[in-house]
Amino acid sequence: MLWDWARLYGVPYLFLDPEYLGNVNALSLFILGIAFGIFNSSFQITTYILDSGRFRFLAGMQNAIIRFSINNAVLPLLYWLLFSWRFWNFQVERGLEKPWAAFLETLSFGAGFVTVSLLTVLYFRIARSRLILKLAIWLDERLRSLSLYRLSIRKRQHDLRNSAGRTAFFLDMNFSVARVRETSPQRLKDDFAVFGTSHLAAVLLELFTILFLLVAGFFSSANWLQIPAGASIFILFGLILMVIGAVSYWLRGWSITIFLGIALLINFLHTAGIIDKEYQAFGIDYGHKVRYSNPKIAAFANPDLVRRDSLQTIRILSRWKKKTGQEKPRMVLVCCSGGGVRAATWTIRVLQYSDSSLGTQLMKHTTLMTGASGGLIGAAYFRDLCLRNFTGEKLDYYERKYVGQMSRDLLNPLVFSLVSNDLLVRFRNFDDGRYVYKADRGLAFEQSLHKNLNGVLARPLAHYRNPEREALIPMMFVVPAIVNDGRRLYISPQDISYMTCDNNAGHIVPNDRIIRGVEWSRFFAGADAGRLAFSSALRMNATFPYVMPNVSLPTEPAIQVMDGGLNDNFGVADALKFASTFRNWIERETSGVVLMCIRDTPRERPFRMQSRDSWFSRLLNPVGSIYSNWARNQDYNNDHQAAYFGKSLKVPFEVLNFQYLADADLEENPEEGKTENRASLSWHLTTFEKAGIEKAILKTPNQKALIRLRTLLADSSIHGKIP
């Protein structure tokens, strides 16, 4: 089950297809090898600190840690060989590299690993110098004033004297087999100082490495530091081992107690508000706190505001209708599913292909775009490209290069910022020209998005107010979920209080209404709501747990928001709510409604039952089944709402699904190996995944949906081209 989850989220591809500065080549593999070397050095040093006392013959030897590492190298070397074979196989089988090129890249990985190993050996050679010895002795004398340190020394001496002498042979530094010579008690006492110095030198190396990562956090936004995500993962686990080794050196048997104590202390400081590591959206004023309470939320959903906002939106719809040039046009509502870069790439590919083949009629007939996570990012990108064309830039927004830009990596800077900055100390600030924020991995994500898309989405929310009002582009609702109470946060440059409550249920007593959402523009007006970076709004709606941080908003008490997929991963519920609000206008002024659902998952998924249930799967199934069927349950609920709405609407209503389909998705019982051809749910895509997403529009179900859409929007002015 864990392997299936890792494959679903593309974890193996972070190592098998590591990307650096947009390329998978010898340099990216060399960097991955360096990171693995750092992890290996952390592993060797930590195990040396924890276990070298079991081998008391090492106390009488120079370069004890180097000898220890040579004899402890079975697992690292085995991983090196297995990884090289798996990487070569993956690259050649997928047709990504020629055999000789893949072989050179495996050598580059090994070169990076060997480079770090040699530098580590060199460090411990230098550690024997008089300067380092003096530093170690000076530091040792100062630390002996601490009782815990003295207890640690006595514990190490006791372990060394009482270690069982079961080792008969070992590999020496020239890789020859040498016999162990038992150390006499007197010699053991004399050599313990040298043994302790090598331990201290190992700890100093770990501390220097942690310090280097802290410094790297200052420059994490630099392009050359956007190392492969797999390398950052190696460094993260190496960092964890370093902390374990350093703490164990100073505290020995007290380590677990101290770790628990530190965790409880941090928890207390957070609870008391003494330290608060909040993550912020950019562009708004965090100095202005808004009271978050049920009465205040209800006040912004009063009937007068709802009526006023509804009339304003009807004016937008009237301009949209006039733009179509038809007496009763078909209204299209576009819903985009979440799913990282996979969903973003698929969404812009579908919108490009469909609008081009329909002679620009798709965007002319679209009034609203909703959705979650990556899908809405792809839709926002295409919408902005259309806007730039309409306002005079004259770009061809059907060019395939825009799909390529959307599919670029966003994970490398995200993970490196997590390791070098967010997990340690966030020293760096970000000044947007008016307000100052702490730099974090959310900023790294947005800056990478702007770089990949040439700054297309680097605009404040208010930038889209007039284009939407004039119906130059469809309205777009960005709807992240509020973690604290499950409500939806409706982010739009327009006033849309009608989305926050059920204004059609006239039989409900006003005081008994349940307010389903919070309107961004009014609720946070005092915090410069219109200045919110549009990329921050999209990021809040794409906050996959742990990968990206939950954003805290300037409220009292504090609230956090996360991925809109928590409530609806497809945006269908909000699209139907919008259509229901303007039902009377739609029935009077249009010839029907088309719900265009752009999904990064198949609409119908075959039932797959494992032939054997393991004990672990039985243990995890109650929770795992809920998570794995989350999107399916949302589908059932959306189908129910769509069917109910369609039956009550007096004009035709139709749902069209455009699905990202891999080859295996069209088979009832696909072979296990074929399921790997499906693109992963991640902010990183491999070359073959990108190609699979682009050609998915040609699958039969999608072509049928496009033909049906052309029929529904049929007009004499349609003369489209197939890209």
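**Rings, helices and buried residues**

Author: Phe15, Phe36, Phe39, Tyr79, Trp80, Phe83, Phe87, Phe109, Phe113 and Phe234 form one aromatic cluster. The model is a predicted one, in which local features need pLDDT of at least 70 and side-chain atom pairs count only at pLDDT 80 or more, while totals for chains, interfaces and linings use all residues. Residues are numbered from 1 along each chain as its sequence is written, and side-chain values use heavy atoms, with hydrogens and water left out.

Reader: Why is the pair of Phe282 and Tyr437 called edge-to-face?

Author: The ring centres of Phe282 and Tyr437 are 5.3 Å apart and their planes stand at 75°, so the pair is edge-to-face. Phe282 lies in the loop between helix H11 (255-271) and strand E3 (290-291), whereas Tyr437 belongs to strand E7 (residues 436-438), so the pair ties together parts that are 155 residues apart in sequence. Helices (H or I, at least four residues) and strands (E, at least two) are DSSP runs, numbered from the N terminus.

Reader: What makes Phe282 and Tyr437 buried?

Author: A residue is buried under 20% relative accessible area, exposed over 50%, and partly exposed in between, using a 1.4 Å probe and protein chains only. Phe282 has 3% and is therefore buried, and Tyr437, with 2%, is buried as well.

Reader: Which kind of pair do Phe523 and Phe524 form, and how do you know?

Author: Their ring centres lie 5.2 Å apart and their planes are at 65°, so Phe523 and Phe524 are an edge-to-face pair. Phe523 is buried at a relative accessible area of 4%, and Phe524 is buried at 1%.

Reader: Why are helices H5 and H6 called roughly antiparallel?

Author: Two packed helices are described by the angle between their axes and the distance between the axes. Such axes are lines fitted to C-alpha atoms over the stretch in contact, and angles run from 0 to 180 degrees between N-to-C directions. Angles under 35 degrees count as roughly parallel, over 145 as roughly antiparallel, 65 to 115 as roughly perpendicular, and the rest as oblique. The axes of H5 (residues 74-93) and H6 (residues 99-126) come within 9 Å and cross at roughly 155°, and H5 and H6 are therefore roughly antiparallel to each other.

Reader: Which residues of H5 and H6 meet?

Author: With contact taken as heavy atoms within 4.5 Å, the H5 residues include Leu77, Trp80 and Phe87, and the H6 residues include Phe103, Phe109 and Phe113. By class, this contact has 13 nonpolar, 4 polar and 1 charged residues, where Ala, Val, Leu, Ile, Met, Phe, Trp, Tyr, Cys and Pro count as nonpolar, Asp, Glu, Lys and Arg as charged, and the others, Gly among them, as polar.

Reader: What makes H3 roughly perpendicular to H4?

Author: H3 (residues 26-51) and H4 (residues 64-71) pack at an angle of about 110°, their axes being 10 Å apart, and that angle makes H3 roughly perpendicular to H4. Here Gln44, Ile45, Thr47 and Tyr48 of H3 meet Ala64, Ile65, Phe68 and Ser69 of H4, and the residues of this contact divide into 5 nonpolar, 3 polar and no charged.

Reader: How do you know whether Lys394 and Ala471 are buried or exposed?

Author: Lys394 has 68% relative accessibility and so counts as exposed, whereas Ala471, at 4%, is buried. Lys394 sits in the loop between helix H16 (373-393) and helix H17 (401-406), with phi near 55°, a positive value in a residue other than glycine. Ala471 is placed in the loop between helix H20 (465-469) and strand E8 (475-476), with a positive phi near 60°.

Methods
Rings of Phe, Tyr and Trp (its six-membered ring) pair if their centres lie within 6.5 Å; planes under 30 degrees apart count as stacked, over 60 as edge-to-face and the rest as tilted.
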